Amino acid sequence: MSPDALIGDTHSVPPIAGTPADRPGGPVRRAIHALATAFGVLAALLIVGIMLSTALDVLVRQLTGSSIPGVVEYSEVLLAGLVFLGLAYAQRTGAHIGVDLVTERLPVRTAHVVRAIGLVVVLAVLLWTTYETTVVAIRSFEVGEFRFGLVPVPIWPVRMVIPLGLVALVLELALTTYDEITGARTGAATTRHEHPEADSSVVPGENGPRS
């Protein structure tokens with residue numbers, strides 16, 4: 001089976017067109033996107049949990065004069081975890097900040113090559129970061145690391161989440177790198193991002209938003 005059959009060729013349809021269901025994608029691409037979406041949903045739920053617990057803490061403080069023990073400590077720890085859980089979904093939807101001041105002025109194939117080279121460098125750095133955070137997470141689990149405060153909060157679960165989020169991000173970046181290499185090979189033009197969710201209000205060939 002060819003790589004295009006497993007991963008799917010995003011260049012066979014306009015990059016900013018249709019819904020996710022309309023776009024081709026192999027089982028590998030669908031699995032990676034599903035993982036990124038699951039992590040994104042979990043990050044959103046953690047945000048809601050932090051928001052509700054903080055609001056409840058404020059209400060209790062106003063009524064009783066004392067806070068709910070552990071709300072601040074757990075919120076700080078969970079905040080670190082949800083940031084890394086949301087990275088892959090942000091990459092999938094094109095939510096990360098990108099500057100195309102140079103690449104948009106390059107020929108299509110050259111722009112794909114430049115972006116692919118940049119992504120390879122990013123992947124190398126992230127793979128090293130994933131390895132290092134995994135080592136730290138294992139060590140934290142072995143010693144049962146806690147954050148000391150009014151309430152002792154275990155840190156090792158969040159340290160485990162960090163490399164998991166980075167792995168999901170690496171997989172999404174690998175897909176993007178594959179798309180750029182495919183674009184360099186086929187000469188397919190793209191607009192801003194490979195993923196239509198990045199800017200669904202823009203139509204190929206138009207400069208302004210949809211009416």
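Arg 115 counts as partly exposed, at 25% relative accessibility; the labels here are buried for under 20% relative accessible area, exposed for over 50%, and partly exposed in between (1.4 Å probe, protein chains only). A heads-up before the exercises: this is a predicted model, where local features need pLDDT of at least 70, side-chain atom pairs count only at pLDDT 80 or more, and totals for chains, interfaces and linings use all residues. Residues are numbered from 1 along each chain as its sequence is written, and side-chain values use heavy atoms, leaving out hydrogens and water.

**Exercise 1.** Find the salt-bridge partner of Arg 115 and say where the two sit.

*Solution.* 
- Apply the criterion: a side-chain nitrogen of Lys or Arg within 4 Å of a carboxyl oxygen of Asp or Glu.
- Helices are DSSP runs (H or I, at least four residues), numbered from the N terminus.
- Check burial: Glu 180 is buried at 4%.

**Exercise 2.** Work out how Arg 61 and Asp 57 are spaced along helix 2.

*Solution.* 
- Start with the contact: their closest N and O atoms are 2.9 Å apart, a salt bridge.
- Both lie in helix 2 (residues 27-64), four residues apart, which means about one helical turn between them.
- Compare accessibility: Arg 61 is partly exposed at 34%, whereas Asp 57 is buried at 3%.

**Exercise 3.** How many salt bridges does a search of the whole structure find?

*Solution.* 
- The search returns five.
- Among them is Glu 104 with Arg 105, at 2.9 Å, N to O.
- Arg 105 counts as exposed, at 59%.
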